[in-house]
Amino acid sequence: MAGFHTKTFLKHDDYMTPKYAWENITEYIPKDKIIYEAFYGDGISGEYLRELGCKKVIHEPIDFFDDTTLPDYDILISNCPFSKSKEIMNRLFKLDKPFILILPSSKINTSYMRIFKNSNLQIIIPRKRIHFEKKNKWSNS
């Protein structure tokens, strides 16, 4: 089995979030806020958030790390590429805006999560394991 730090795992970081994963946390998602779903993937997560009642969802292939293209939003909600977790958490800390990220529970124990030690960071652990959908870069599925 490949570990989380193997080259194979890092090259294949294109897993899409199934709708039920968003449904499992819908009660925590503010429906009246401008939501930025920052990591585009196959583009369907934005549709799922709209179907769950989110009124304004920005879900476009925008570079999350580029200040010149960052949209105006109230809360970032996404399933980010796990291999970029450290960079993403550092960026979120600097942006200082609310966020909800779907991440493996093992990320809680990483050193880069300590930047939030004086924050009101809340962690939601789903009742069941999420089975992410592999995006094949050679096809539309």
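Student: How many helices and strands does the protein have, and what makes a stretch count as one?

Tutor: The protein has four helices and six strands. Both are DSSP runs numbered from the N terminus, a helix being H or I over at least four residues and a strand being E over at least two. Along the sequence they follow the pattern α-β-α-β-α-β-β-α-β-β.

Student: What kind of model is this, and which conventions apply?

Tutor: This is a predicted model, in which local features need pLDDT of at least 70 and side-chain atom pairs count only at pLDDT 80 or more, while totals for chains, interfaces and linings use all residues. Residues are numbered from 1 along each chain as its sequence is written, and side-chain values use heavy atoms, with hydrogens and water left out.

Student: Which strands form the open sheet, and in what order?

Tutor: The open sheet has four strands in the order β3-β2-β4-β5, with parallel pairing. β3 (56–58) and β5 (99–101) each have a single partner strand, so one side of each has no neighbour in the sheet, and they stand at the edges. From one strand to the next the twist averages 25°.

Student: How do you know that β2 and β3 are paired?

Tutor: Two strands pair if DSSP finds at least two bridges between them. Strand β2 (residues 34–36) and β3 have three bridges, in the parallel sense, and therefore the pair meets the criterion of at least two. Within this pairing, Ile34 stands opposite Lys56 in β3.

Student: Where does helix α4 lie, and how is its angle to β5 defined?

Tutor: Helix α4 (residues 85–95) lies across β4 (75–78) and β5, running at about 170° to β5. The axes are lines fitted to C-alpha atoms, for helices over the stretch in contact (heavy atoms within 4.5 Å). Angles run from 0 to 180 degrees between N-to-C directions.

Student: Why is the pair Lys19 and Glu51 called a salt bridge?

Tutor: A salt bridge is a side-chain nitrogen of Lys or Arg within 4 Å of a carboxyl oxygen of Asp or Glu. In Lys19 and Glu51 the closest N and O atoms are 2.4 Å apart, so the pair meets that limit of 4 Å. It links Lys19 in helix α2 (residues 19–24) to Glu51 in helix α3 (residues 45–51), 32 residues apart. The structure holds three salt bridges.

Student: Which residues form the remaining salt bridge, and how exposed is each?

Tutor: The side chains of Asp72 and Lys97 meet at 4.0 Å, N to O. Asp72 is in the loop between β3 and β4, and Lys97 is in the loop between α4 and β5, 25 residues apart. Asp72 counts as exposed at 64% relative accessibility, whereas Lys97 is partly exposed with a relative accessible area of 28%.

Student: Which residues form the nonpolar surface patch, and what makes them a patch?

Tutor: Ile108, Leu121, Ile123 and Ile125 form it, with about 360 Å² of accessible area together (Shrake-Rupley method, 1.4 Å probe; for residues, only the protein chains shown count as cover). Patches are made of residues with over 30% relative accessible area and no salt bridge; like charges are joined within 9 Å, and nonpolar side chains (Val, Leu, Ile, Met, Phe, Trp, Tyr) within 5 Å. Ile125, in the loop between β5 and β6 (133–134), has 62% relative accessibility and counts as exposed.

Methods
Buried < 20%, exposed > 50% of the residue type's maximum accessible area, 1.4 Å probe, protein only.
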